[in-house]
Amino acid sequence: MIDNLALGLSVAMTFHNLGFAFMGCLIGTAIGVLPGIGPLATIALLLPLTFTLDPVTAVIMLSGIYYGAQYGGSTSAILLNLPGEVTAVVTTLEGHKMALKGRAGAALAVSALGSFFAGTVATLVVAASGPVLTSFALSFGPAEYFSLILLGLIIATVLAQGSILKSIAMLALGLALGLVGTDIQSGEVRFSLGFFELFEGIDFVAVAMGIFGIAEIVRNLENPENRNVTISKVGSLMLTKEEFRRAAPSVLRGTVVGSVLGILPGGGLALSTFASYILERRVSKYGHEFGTGAIEGVAGPESANNAASQTSFIPMLTLGIPANAVMALIIGGLMIHGIQPGPGVIQAQPELFWGLIASMWIGNLMLLVINLPLIGVWVSLLRLPYRYLYPTILVFCAIGVYSVNYSTFNVFETVLFGLVGYLLFKLRCEPAPLLIGFVLGPMLEEYLRRTMVVSRGDPMVFIERPVSAVLLAIAALALLTMLLPAIRRKKDEALEE
Amino acid sequence: MISRRNVLIGAGTVGSMALMSSVAKAQAEWPARPITITIANAPGGDDDTLSRFLAETLTSELGQAVVIENRGGGSTTIGVTAASSAKPDGYSILCLPTSGLVQTVLRDRLPYTLDSFTPIVGIGGYPLALIASKKAGINTIDDLMAAIHSPEGVTYATAGVGTIAHLTGTTFIREAKGKGINVSYKNNPDGIQGVAGGFTQMMFVSAREGAILKNDENVTVLAVTSPARTSNLPDVPTTAELGYPQIDGRVWYGYLAPAGIPADVASRFSAAVVKGVQTPKFQERFGPLSFQTDLKTGDDFKAFLVSEQNRFRKIITENDIKLNK
C-alpha cells in the first residue's frame with residue numbers, strides 16, 4: 001500500500017496536477033458557498049475543457065470541484081441557514097444556532113478541521129481496503145436499505161426536539177410531500193397537478209432553501225432587533241480549548257459513520273449526516289444542548305459528510321457504478337478519455353487510480369488551506385447591515401434555484417416553501433423532521449417495493465436476511481423505548497430542564 | 001390542466017405565425033448569435049456528452065458559439081416541451097434521445113407531437129448489451145433461458161417503465177416465450193448495481209456501459225443486440241449468433257428544430273453536424289465505446305423517426321404498457 005500511495009503521490013504532486021487540483025477546489029468552494037448552484041451543473045460546464053487535458057489531471061480537477069462543493073455548502077448553511085444540498089441540512093441545525101450565539105467562526109473552523117481529519121482517514125480507508133469494501137456494498141440489497149432507512153426514520157422521531165406529536169406530524173408531512181412525482185415501479189405520475197416540473201417530484205433545493213433560508217429571512221425581517229443583537233457579537237474565530245475537547249470525539253465518530261455509509265451507493269451520502277447527528281445526540285454528554293447550537297452537532301455530521309464523499313468513490317472506481325449524478329458525470333468524462341472505470345482499472349491504470357486517491361488527500365489539505373483564512377471573510381459577512389445582506393441572499397437563492405433546470409417553476413416553488421417554513425415557525429414546529437421525511441420517504445418506498453418485487457411478494461425476506469433483521473430489531477427497540485411511558489416521562493423531564 | 005396546455009399550444013401557433021416575417025429576415029445572416037442546443041436530460045448522459053463534444057466542431061463550422069442547455073426532468077418532456085415552443089429561427093435546437101421519442105407514444109397528453117418539430121439530422125448511437133447476474137447463478141445464456149422459462153419468470157432491471165431497456169427486455173422475453181418481471185430502478189447505474197448484487201437477474205444496458213462490466217466478477221455480458229459484434233466487446237456474441245431473433249435494441253440521438261425552421265438554415269446546421277460526426281476526433285473518441293455512426297438527414301431522418309414510433313407503439317400495445325398521463 002505504501003508503494004502504491006507513493007506512486008499516487010508522485011502523480012498527484014506534479015506542479016501541473018497540483019495546479020488543477022487547486023483550481024478545482026477553489027471553484028468547488030465558490031459554487032458550494034453560493035446557495036443552490038450545485039457541482040453537477042458546474043462540472044458539466046467544465047467537462048469540455050477537460051477533453052484536452054490528461055485524464056488523470058481531468059479527474060483530479062473534477063473531483064476537486066466535487067468535494068470542494070461539499071465543503072463550501074456548509075459555509076452558507078452555517079452563516080445563512082441556507083442548505084443547498086441534502087448533506088448541508090443537518091449542518092444548519094446546530095451550525096446556524098452557533099452562528100446566532102456568536103460562534104460562527106468556531107462552527108466554520110470545526111467543520112473545516114473535522115472534514116480534513118475525516119477526509120484523511122477516509123482516503124486511507126479507500127486506499128487500504130477499497131476492493132474489500134466493494135463486496136460489502138454489493139451485499140447490501142433492497143431489504144437492507146429498507147430496514148436501514150426505517151431505522152433512521154424511527155430514530156429521527158424518537159430524538160426529535162420538543163413535542164413528539166409535532167415532530168411526527170412534520171415527519172408525516174415530509175413523507176407526503178415525498179410522494180409527489182413518478183412512481184418508480186409503475187411509471188405512473190402521482191399528485192403532479194398536471195405540471196411536468198413535478199414528474200420527478202418536488203425539487204429538494206426548493207424545499208430546503210424555502211423552509212430554512214427564505215423562512216429565516218421573513219422571520220428576521222419581522223423582528224429586526226433580534227438580528228442586530230446577533231451581529232454585534234461575532235466572537236472569536238478560533239475554537240476554544242473547551243470546544244476542541246468536545247468536538248474531537250464527535251469528529252472521530254462522524255468519520256466512522258461516514259466512511260461506512262459512504263460506500264453504499266443508494267443514498268449513503270445523504271444518510272451519513274442524519275445518522276451522525278442522531279448518534280451524537282444520543283451518545284454525547286451534551287445531548288441536552290442540541291437545538292441550541294451544540295458543537296458536536298456540527299463536528300459529527302460535517303466529518304461524516306466528508307468521509308462519505310471520499311468513500312463514495314469506492315463503488316465508482318472498483319465497479320464503475322457511480323454513487324450519484326456527479327460521479328456519473330466524472331465517469332462520463334473518463335470514458336471520453338478512453339478509460340473504463342471498473343474492475344480492471346486498478347491494474348490497467350495504476351497511475352489514475354492511485355493518483356486520484358493521493359489527490360483526494362491533497363485536495364482536502366488544499367481545502368483546509370483555502371478555507372481557514374476565509375473564515376474571517378465569511379464571518380465578516382454577518383457584520384453587513386441586514387438590509388444589504390438579505391436582498392443579496394434572495395437574489396443568489398433565486399439564481400441558484402433557477403439554474404437547477406433553467407425554470408422559473410422552481411423559483412415559485414422556493415417562495416411557496418418559504419411561506420410554509422414561516423407558517424411552521426409560527427406554529428412552533430421544527431422543520432428538520434419534515435426534511436428527513438421528504439428525503440428518506442421516497443427511498444423507503446422505493447426499496448420496500450423493490451424488495452417485494454424481487455422476493456415476489458414474500459415479506460419474510462426482511463427477517464431472513466441477517467443484516468436487515470438486526471436493523472429491524474434495533475428499530476423495534478427504539479420504538480419500544482419511545483412508547484414505554486416511564487421512559488417518556490423521564491424524557492419530558494429532561495426536556496424541561 | 002389540459003386547458004392550460006391547450007392555451008400554450010395555441011399561443012405557440014399564433015406566436016410562430018407572427019414570427020414568420022422576422023424569421024425570413026433573420027435567415028439571410030444566420031447564425032448571427034449563439035445557437036442553443038437543449039438537452040432534455042440532466043448533465044452526464046450520453047446525449048449530453050455527445051452534444052458537448054459536437055458543439056466544439058459546430059462552433060468552428062458555423063462561426064457562432066453553440067451552447068448546451070440542460071433542461072432535464074419529466075422523462076425528457078420538460079426539455080422537449082420547452083424546445084417545441086421556441087422560435088423556429090435556427091437558434092434553438094433540440095437533442096432528442098430515443099427515450100424522448102418513446103414518450104410521444106407512451107403518454108397521450110403531451111403538448112407536442114413529432115409534428116411540432118422539423119427533424120434535422122440523426123447521428124446514430126449505441127447498441128445494447130444483455131448482462132446477467134453471475135451472483136444470482138446465471139453464467140450462460142442457457143442459465144438465463146432456464147430462468148426466463150421458470151414458473152416464476154426472470155427479474156429484469158430497468159431505469160423505469162418506457163425506457164429502451166424496458167421495451168427491449170419485454171420484447172426479448174416475449175420472443176423467448178418466457179415470463180419476466182420488470183424491477184424499476186431510478187437510473188441505469190442503480191440497476192447495474194442490483195444485477196451485480198444478485199438481486200435482479202438480467203438487464204439490457206448500452207454496449208458502452210456493458211463494456212465496463214466485461215471483466216466483472218459478479219456480472220456477465222451475454223450478448224449484444226447489434227447485427228454484428230461491437231468494437232469494445234469483440235468476444236461477446238450477438239443475439240442472432242446465439243440462435244435468438246435479432247432484437248432491434250439500441251439507443252440513438254438526433255437533432256430537431258421547432259417546426260417551420262427555414263430549409264436552408266436546417267441544411268446548414270445538418271451539414272455541420274454531419275461534418276462534426278465524421279471528424280477523426282469524434283470517431284476516435286466514441287468509436288471505441290461502440291458508438292455506431294448512422295447519419296440520416298432531413299426526410300430520411302423523419303421517416304426513421306416515424307418508423308421507430310410505430311415500432312415502439314407495437315411493443316407498447318402488445319405488452320399493455322400505456323401510461324395515463
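## Domains of chain B

Chain B is assigned two domains: domain 1 covers 2-125 + 251-318, and domain 2 covers 128-224. The model is predicted. Taken over C-alpha atoms, the centres of domain 1 of chain B and domain 2 of chain B are 30 Å apart.

## Contact between the two domains

Domain 1 of chain B brings nine residues to this contact, and domain 2 of chain B brings 10 residues. On the domain 1 side, two elements of chain B give two or more residues: helix 4 (98-106) and helix 11 (298-318).

What is the make-up of the side of domain 1 of chain B that touches domain 2 of chain B, by class? There are six nonpolar and three polar residues on that side, and no charged residues.

## Contact between chains A and B

The contact between the chains draws 45 residues from chain A and 49 residues from chain B.

Which helix of chain A gives the largest share of the side that touches chain B? Helix 15 of chain A does, with six residues.

## Residue classes on the chain A side

The side of chain A that touches chain B holds 26 nonpolar residues. Another 14 are polar, and five are charged.

Key:
Residues numbered from 1 in each chain as written. Chains lettered and ligands numbered in written order. Predicted model: local features only at pLDDT ≥ 70, side-chain atom pairs only at ≥ 80, totals over all residues. Contact = placed C-beta atoms within 7 Å. Helix = DSSP H or I, 4+ residues; strand = E, 2+ residues; numbered from the N terminus. Nonpolar A, V, L, I, M, F, W, Y, C, P; charged D, E, K, R; others polar. Domains from an automatic or database assignment.
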